[in-house]
Amino acid sequence: MFSLLLLLLSLPPALALECSKDHQDGYQVRLSIKTALGDQAYDWNESELFLFKATIAFAMRKYTKNETYDVSNIVVCNETPRVSFWFIVVNPENPTLAITKTRVEEAVRVSRNRINNAFLLTDKTLEFLGIPPTLATPVTPATPPWLIVFGVVIGAVCAGIVALLISSFVRGKRANKAKEFAEEDDQAKGADKGISGETFEDRNGVYNQAFSDDDRFTQL
Amino acid sequence: MADSEDAKSGDERPKWDNKVQYLLTCIGFAVGLGNVWRFPYLCQVYGGGAFLIPYLIALVFEGLPLLYLELAIGQRLRLGSIGVWNSISPYLGGVGVASMIVSFLVAVYYNTILAWVLWYFFHSFQNPLPWSECPVNEDLTGYVQECLDSTPVNYFWYRQTLNVTPNIETNGSLQWWLVLCLITAWCIVYICFIRGIETIGKAVYVTATFPYLVLTIFLVRALTLPGATDGLIYLFTPDWNLLLNPRVWLDAATQIFFSLSLAFGGLIAFSSYNPQKNNCERDAVLVGCINSATSLYASISIFAILGFKATSNYNTCVQGNIIALTNGFDVADQNITVDNFDSWLDNLNKTDPAKVSYLNLTECNLQTFLDESASGTGLAFIVFTEAVISMPGSQVWAVLFFVMLFSLGLSSMFGNMEGVLAPLHDLNLVPKWMPKELFTGCIFVLSCLVSLIFTMDSGNYWLEIFNNYVGSVSLLIIAFFEIIGVVFFHGMGRFSDDIEFMTGRRPNLFWKACWMCISPLLLLVVFVAYIIVQVQTTPTYPTWNPDYVDFPVTDVQPYPTWVFVICVLLVAIPVGPIPIVALYRLINRKLRRTGRTDTSRTSNPYANEGFNMDT
């Protein structure tokens, strides 16, 4: 009888490590299912917890590549209605030994996307407190988009300037040609009139040098 | 009579295609960025609806008379600002030169603001908008620290756009991206100026009308968003006590003055292209009233959006508190909502007050968010861009907003550059061989080079200096001399005759009373009050310094002495020509009079010394 009791007492520590809040190798997990899914939120129950343990076991297997982790190696405690709890991963060969925090963290980071998707959640709604979400690598396109818009605008404006300058130039040339024709006509008319002393002739009439321009002194 | 004067001036003066172009150009010049980002701020800070009273009084007694005067004098004398004041009296020639210098200095920094608007416009085509989230730092471990300390919107403005230095003494280098935007802005203004008012007149059909369209769209959209009515109520709730503060009246007078773009010479130039027989009285009243109505309309739109932004911020604040409570007390997800937050908080406070205070919940007050006021570039590039992020379809709203700002600024630039180019043309400084387009291009290249100052790292600080010192006191002085010049040198009687010739009737008693005593008196009072206010405060400026203890609060620094000297120069250089030219003409006349007693000094062989020509 006593030996049976002793056996029973010694078994639990051999079977599982004591999980507690703030355990040095444990992580707190927090789920916000209603925030993420709204009306389609599922209830958190034992089966969901089983799925969670399975995903963590999967993450550990993937990370270590050969060690066979099982659902029983994931110890969960301190569940709250928030849906938050603590978990510790124990070594499958030696259940009294916990896997160190850093190894668990790295394993979770590698498979974070798979874990999130299993629960239809995201990094923000399935939080591992202490494991920061991996930032998405910034998408840097070859040319910054603003340079493309800039190129379009400056190209259009330069094309417009060139077009307007050319049309001004053409217009000016055409006006000059019309002026030349008008001048030729006038000169032809002048020759017909037969006025001599062309050096004094101006289009506005004959300039009388004797009459000087006094106007500039009357301003003040 | 009009035709003979045209023939006397040589080549034909350009004309507006129709009256609408002229009116739209004047309205576009008057309606600028200040209507959108200065007036709503003043309205908010000076007691909402109550501010409209000093504003309207200033409009009627100061704005409209000065506007009418400028339009009338330009239309009658058919010259740019320098020519006009030379004609009225050679001693007043300096007023025109002063207008030209001020127009140039303002154009130079104003276009930099347009360059910033273009920069934001170019970036509005991305998803997500670059100012909505912090960029990741170099080793991809987290976000940039400076951005985390302040906000993504602030970081994008101060770091990624301006790359601002901690103070004005540190100059930094030219920012290539801003130089590109600046060149683009100058090119766009140039393309509208190529053929003078021929191209300007076509451009204003778009630039003057588009802002109204966008403001209406924003108003309609904002009214469908939550919190818009809070913003509007907040804006217009009058606080009558503030009317007792003289500062309110001073700011109303200066706002109406600068808002109408008086004393730049641009309005004189624009009206000089009119036919002489044009009712400029009606034009003046129309332009003045439309300008003020636009300010009011813009403030409605802006504050509807700002009300929405304040409500969004308030909701975010409350949500943050809810999450803190939910996580702290492990309450089931979404049990605490915005509605029952207060009752939950009371319950938890009764059961475990220590834990509640440990959570450090922030106090969320809608009024505090509404009180966050901003004007100028802060409103456009920080506050409004933040509001746009929360609106669904942010890219569309951002593009619309920045195109509106650009067209507002562009139509004002027309007036600024016209105030520079028209006097140069009238002074016949353009060599005959140089086509108009080339000359305009040269002036623009010069302006572009000068405005490169503002693309330096410390450019924002210099722009604030230019904004505060160039476009303020000098304009008041110029306007004062304008009114004195017309009333006393030209003569009220002669001016009334001119107006009768142009509009068909003499100006009534109200206009005469304003021109002869009310407006000059108001200008003098505003000028003196402005000086007093400036002298009382030591000039300081807010700096963006990431190493500052209280960052992201701006570190307010005083101006160093050499910068202060530049500020004084910026006021003195435009105003200087007024006494200088007057003295020069006076001395010239004295010399000429004394010179005539000497023999053979004159080139006129018919000068009879016995006959004094200076009657």
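User: Why is B:Lys19 called partly exposed in this predicted model?
Analyst: The relative accessible area of B:Lys19 is 30%. Buried requires under 20% and exposed over 50%, so B:Lys19 is classed as partly exposed.

User: What makes the contact of B:Lys19 with B:Asp283 a salt bridge?
Analyst: The closest N and O atoms are 3.0 Å apart, and the cut-off is within 4 Å, so the pair qualifies. B:Lys19 belongs to helix H2 of chain B and B:Asp283 to helix H16 of chain B, so the bridge ties together parts that are 264 residues apart in sequence.

User: How do you know whether B:Asp283 is buried or exposed?
Analyst: Its relative accessible area is 1%. The limit for buried is under 20%, so B:Asp283 is buried.

User: Why does B:Glu281 count as buried, and what is its salt-bridge partner?
Analyst: B:Glu281 has 13% relative accessibility, and buried means under 20%, so the term applies. The partner is B:Arg505, at 3.0 Å from N to O. B:Arg505 lies in the loop between helix H24 and helix H25 of chain B and B:Glu281 in helix H16, so this pair ties together parts that are 224 residues apart in sequence.

User: What makes strand E3 of chain A largely enclosed?
Analyst: Six of the six residues of E3(A) are buried, so the strand is largely enclosed by the rest of the structure. A:Ser84, A:Trp86 and A:Ile88 cover one side, and A:Phe85, A:Phe87 and A:Val89 the other.

User: How do you know that strand E2 of chain A pairs with E3(A)?
Analyst: Five bridges join the two strands, which run antiparallel. Pairing needs at least two bridges, so E2(A) and E3(A) pair.

Methods. Residues are numbered from 1 along each chain as its sequence is written. Chains are lettered from A and ligands numbered from 1 in the order in which they are written. This is a predicted model: local features need pLDDT of at least 70, side-chain atom pairs count only at pLDDT 80 or more; totals for chains, interfaces and linings use all residues. Side-chain values use heavy atoms; hydrogens and water are left out. Buried means under 20% relative accessible area, exposed over 50%, partly exposed in between (1.4 Å probe, protein chains only). Helices (H or I, at least four residues) and strands (E, at least two) are DSSP runs, numbered from the N terminus. A salt bridge is a side-chain nitrogen of Lys or Arg within 4 Å of a carboxyl oxygen of Asp or Glu.
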